[in-house]
Structures are given as C-alpha cells and as structure tokens.
Amino acid sequence: MRGKSVLELGCGAARWSIALSRLGARCVGLDQSGGQLRHALRERARGGRAVSLVRANAEQTPFPNASFDLVFCDWGAMTFCDPYRTVPEVARLLRPGGRFVFATSTPIFVITDDRRHDRPTRKLRRSYFDLYRIEDSREVEFQLPYGVWIDLFRNNGFVIDRLIEPRPGPRTRSKYLTAAESRWSRQWPREAIWQLRKLPSGRSAG
Ligand SMILES: C[S@@+](CC[C@H](N)C(=O)[O-])C[C@H]1O[C@@H](n2cnc3c(N)ncnc32)[C@H](O)[C@@H]1O
C-alpha cells in the first residue's frame, strides 16, 4: 500500500480508506451522501492520515484519467450504481496494471431474495437472465448474470484475477446476519469479491 493512490467508491464512514492510509496509501474516499461523509470526517479526525473526502457520484467522478493504482469498494457504489457507467469510469481512472476490487452481492442471492423481508430464501424468485436494475420501495441496486459481468469487464480492458465467494465456517457467528441467513450463506454464496486488473492500453483481454 505504501505510496499507492487509492480511491474508495461509496466509502460511507471511510473506515477502509482510513485503515489503508495507516498502511501508507494516499486514499480518496468518495461518496454521494453528505451525511455519510460527515461520519467519515469524524472517523478521519480519530486518525486517518492521508484520506481526502470527496462528495460525488461514482458514475461520473471529478478525477483526471489514470489517477489511481487501486479502486475499491465494499458494498458501496458498485452495489447501488449502474455497472455500465461505473466499470468504464473505473477503467478511465486506473493506471495501466491498476487494480479494481469490489465486494457486492451475488446473482444467486438476488434471484432468491425475498425483498419484502430482505432475506435470501430457497425459492427462485426472479429471472436470472433479466438481472440488471432491481428496484423496490427501499432502494435500487444492480446485479448482472455472471457472463454479462465478465463481458463488461473484458470490454473495458480488465482481466479477472480472482472471484472470491466467501463461505462462513460452521462455527462462524455473524454480527450482521441472522442465524438463518448464516445457514443459507454456508450453502450458497451471498457475497462476491471481484479482483480485476486493468491491462496496459492496446492489449486485449483475450
Ligand atoms: C452500504 S453503504 C457501504 C459504505 C462503506 N463501503 C462501508 O463499507 O461501510 C453504501 C454507500 O454507497 C454510497 N453510494 C450509493 N450510491 C452512490 C453513488 N452513486 N455514488 C457514490 N456513492 C454512492 C452510499 O451513500 C453509502 O455510503
């Protein structure tokens, strides 16, 4: 991390950016919510050294081309923004060889999710092939079929280094999920962590 320029998309209270700044990165935490950035200001005052905070929409950021070595996001803008806007935007922002890492939900979680109660079930509740913009009375989120994600990454000059689907162990206790949700997550992937790398320009993802 030392000396790297890092952008967090949808940073909320910017806890990740603050942690990376302690490892020597120069971090920018971006969020469109003034309320979230106020939390981030308070967190930064407690010890985030080189974290800048920027209020902007992750689909259209104010930074010049090739500004960052790493763009990342933990259930932030990559969950709530249109990937057809964010993926090209991140490709623009990264230097050749730069990394794009984000954690979000999985297609299987979204197609089985009972949105009225916000919990995954054992029923297929929506079309896999039609995954894109998912809207209910509470929020809008985005998800794509795996093959469509892969085409989108490749078309924007990324190679996939890894796709991690964390599986909780039998004794894992979550501070966030209910016991039923944890049981579900032991059988099916709830979270996907995509690790991508931007190819030097002119090289194809072939
Ligand atoms: C679930 S919170 C996650 C916050 C943070 N990543 C964390 O791990 O604590 C989602 C964040 O994404 C931000 N967000 C949603 N849409 C955004 C957009 N279009 N541009 C920038 N930030 C956005 C929200 O304001 C919110 O702070």
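Reply: Gladly. One caution: this is a predicted model. Start with the ligand, which sits in the second largest pocket.

Me: What makes you say that the ligand sits in that pocket?

Reply: A molecule sits in a pocket if more than half of its atoms lie within 2 Å of the pocket's grid points. The ligand passes that test for the second largest pocket. Two elements give two or more residues each to the shell around the ligand: β2 (26-31) and α3 (77-80).

Me: Which residues come nearest to the ligand?

Reply: The shell has 18 residues, and D31, N57, A58, D74 and C81 come nearest. By class, the shell holds eight nonpolar, seven polar and three charged residues.

Me: What makes the phi of A14 worth a remark?

Reply: Phi of A14 is near 65 degrees, a positive value, and A14 is not a glycine. Most residues other than glycine have a negative phi. A14 lies in the loop between β1 (5-9) and α1 (15-22).

Me: Which residue besides A14 has a positive phi without being a glycine, and where is it?

Reply: A66 has a phi of about 50 degrees. Its place is the loop between β3 (51-55) and β4 (68-74).

Me: How do you know whether A14 and A66 are buried or partly exposed?

Reply: Buried means under 20% relative accessible area, and exposed means over 50%. A14 has 0%, so A14 is buried.

Me: Why is S5 called buried?

Reply: S5 is in strand β1. Its relative accessible area is 4%, which is under 20%, so S5 is buried. Along the chain, S5 and R183 are 178 residues apart, and their C-alpha atoms are separated by 38 Å.

Me: What makes S17 buried, and which side chain does S17 contact?

Reply: S17 is in helix α1. The value for S17 is 0%, under the 20% cut-off, so S17 counts as buried. The S17 side chain makes a polar contact of 2.7 Å with the side chain of E8.

Me: Which residues of helix α4 are buried?

Reply: Helix α4 spans residues 83-93. Its buried residues are P83, T86, V87, E89, V90, A91 and L93. At the start of α4, a side-chain oxygen of D82 comes to within 2.8 Å of the backbone nitrogen of Y84.

Me: How do you know whether V110 is buried or exposed?

Reply: V110 is in helix α5 (residues 107-112). At 1% relative accessibility, V110 is under 20%, so V110 is buried. P62 is 48 residues from V110 in sequence and 31 Å away in space, C-alpha to C-alpha.

Me: Why is D136 called partly exposed?

Reply: D136 has a relative accessible area of 22%, which is between 20% and 50%, so the label is partly exposed. D136 lies in the loop between β8 (133-135) and β9 (140-142).

Me: Which polar partners does the D136 side chain have?

Reply: One is the side chain of R115, in a polar contact of 2.9 Å. Another is the backbone nitrogen of E139, 2.9 Å from a polar atom of the D136 side chain.

Me: What makes Y132 partly exposed?

Reply: Y132 has a relative accessible area of 31%, between 20% and 50%, so Y132 is partly exposed. Y132 is in the loop between β7 (119-120) and β8. F142 is ten residues from Y132 along the chain, and their C-alpha atoms are 5.4 Å apart.

Terms used
Residues are numbered from 1 along each chain as its sequence is written. This is a predicted model: local features need pLDDT of at least 70, side-chain atom pairs count only at pLDDT 80 or more; totals for chains, interfaces and linings use all residues. Side-chain values use heavy atoms; hydrogens and water are left out. A residue is near a molecule or strand if one of its heavy atoms lies within 4 Å of it. On a 1 Å grid over the protein atoms alone, a cavity is a set of points where a 1.4 Å probe fits but cannot get out, and a pocket is an open set with protein on both sides within 12 Å along at least five of seven lines; lining residues have an atom within 4 Å of a point. Helices (H or I, at least four residues) and strands (E, at least two) are DSSP runs, numbered from the N terminus. Ala, Val, Leu, Ile, Met, Phe, Trp, Tyr, Cys and Pro count as nonpolar, Asp, Glu, Lys and Arg as charged, and the others, Gly among them, as polar. Buried means under 20% relative accessible area, exposed over 50%, partly exposed in between (1.4 Å probe, protein chains only). A polar contact is a pair of N or O atoms within 3.5 Å; within protein, one must be able to donate a hydrogen and the other to accept it, and residues adjacent in sequence count only if both atoms are side-chain atoms.
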